[in-house]
Amino acid sequence: MKKVVMTMLTAALFAAAGCALMGPEYVEPAEYDLAQPPSEEIAPLPVPVRFGVFRNVSGADRRFLVREENDRMLTDEYNRWLVSPELLIERRLRAAMPDPEEVRGNSEVVRLSGTVYRFEFDRKRKRAVVGVNYSARLSDGGRLERDAFNEVPMRDDSPATAVQAMSAAVEKSAAAARMLVQELLKEAGEKAPAPETNETKTK
């Protein structure tokens with residue numbers, strides 16, 4: 001009988017310990033996505049954009065990266081992104097650059113790649129910071145690069161406010177990438193030889 005009582009007491013102690021570990025002190029990590037852009041229809045680009053490699057050298061992963069005093073960097077274990085920064089940015093770029101309605105097999109294509117070098121929250125300055133170096137290249141060899149560095153103020157230190165500010169910063173970065181592609185296509189159009197007309201052929 002004593003043995004049964006001791007076994008029950010031991011089991012109860014283990015159960016109590018388990019409750020303590022998962023008690024009020026434990027906080028389930030929260031996962032965040034970028035805010036969805038406005039539902040207004042985005043005009044497609046004249047040629048399709050295909051996405052190359054997006055490197056992430058920012059030091060940020062899915063955990064929020066916070067810059068403190070004296071450039072001390074901290075990772076927030078309790079607030080995380082749904083996916084890593086380079087994938088968050090690439091997803092937003094895909095939405096910002098939809099394919100044209102008709103894509104022919106031999107049509108021109110723009111390949112867009114980039115390097116994410118800043119993706120963090122500056123607590124002292126209360127800013128969400130995004131830095132991406134974009135490279136757009138045409139299949140005929142034309143190429144343009146642009147550094148897109150954006151900061152958006154945060155009203156406070158709450159995760160919701162931080163996500164809102166980061167979403168706005170990424171939105172600005174995507175707009176800069178789209179403009180880069182448009183400028184590349186404009187340059188290519190200006191350099192392309194004028195199509196032959198009947199007058200040109202008769203001469």
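**View 1. Arg-178 and its contacts in the predicted model.** Arg-178 touches Ile-42, Ala-43, Pro-44, Leu-45, Ala-96, Met-97 and Pro-98, leaving aside residues up to four places away in sequence; contact means heavy atoms within 4.5 Å. Arg-178 is part of helix α3, which spans residues 159-191. Helices (H or I, at least four residues) and strands (E, at least two) are DSSP runs numbered from the N terminus. Arg-178 is buried but has no salt bridge, and Asp-99, the nearest side chain of opposite charge, is 9.8 Å away. Buried means under 20% relative accessible area, exposed over 50%, and partly exposed in between (1.4 Å probe, protein chains only). A salt bridge is a side-chain nitrogen of Lys or Arg within 4 Å of a carboxyl oxygen of Asp or Glu. For charge, Lys and Arg count as positive and Asp and Glu as negative, while His and the chain ends are not counted.

The model is predicted: local features need pLDDT of at least 70, side-chain atom pairs count only at pLDDT 80 or more, and totals for chains, interfaces and linings use all residues. Residues are numbered from 1 along each chain as its sequence is written, and side-chain values use heavy atoms, with hydrogens and water left out.

**View 2. Ser-173 and its polar contact with Tyr-134.** Ser-173 is also found in helix α3. Ser-173 counts as buried because its relative accessible area is 1%. The side chains of Ser-173 and Tyr-134 are joined by a polar contact of 2.6 Å. A polar contact is a pair of N or O atoms within 3.5 Å; within protein, one must be able to donate a hydrogen and the other to accept it, and residues adjacent in sequence count only if both atoms are side-chain atoms. Not counting residues up to four places away in sequence, Ser-173 touches Val-130, Val-132, Tyr-134, Ala-148 and Asn-150.

**View 3. Asn-79 in strand β4.** Strand β4 covers residues 73-81 and contains Asn-79. Asn-79 has a relative accessibility of 13%, so Asn-79 counts as buried. Its side chain makes a polar contact of 2.8 Å with the side chain of Asp-76. When residues up to four places away in sequence are not counted, Asn-79 touches Ala-30, Tyr-32, Arg-62, Arg-63, Phe-64 and Pro-159. Asn-79 and Ala-30 are 49 residues apart in sequence, and their C-alpha atoms are 5.0 Å apart.

**View 4. The protein as the setting of the close-ups.** The protein has four helices and seven strands. From the N terminus, these elements run α-β-β-β-β-α-β-β-β-α-α. Of the 203 residues, 33% are buried.
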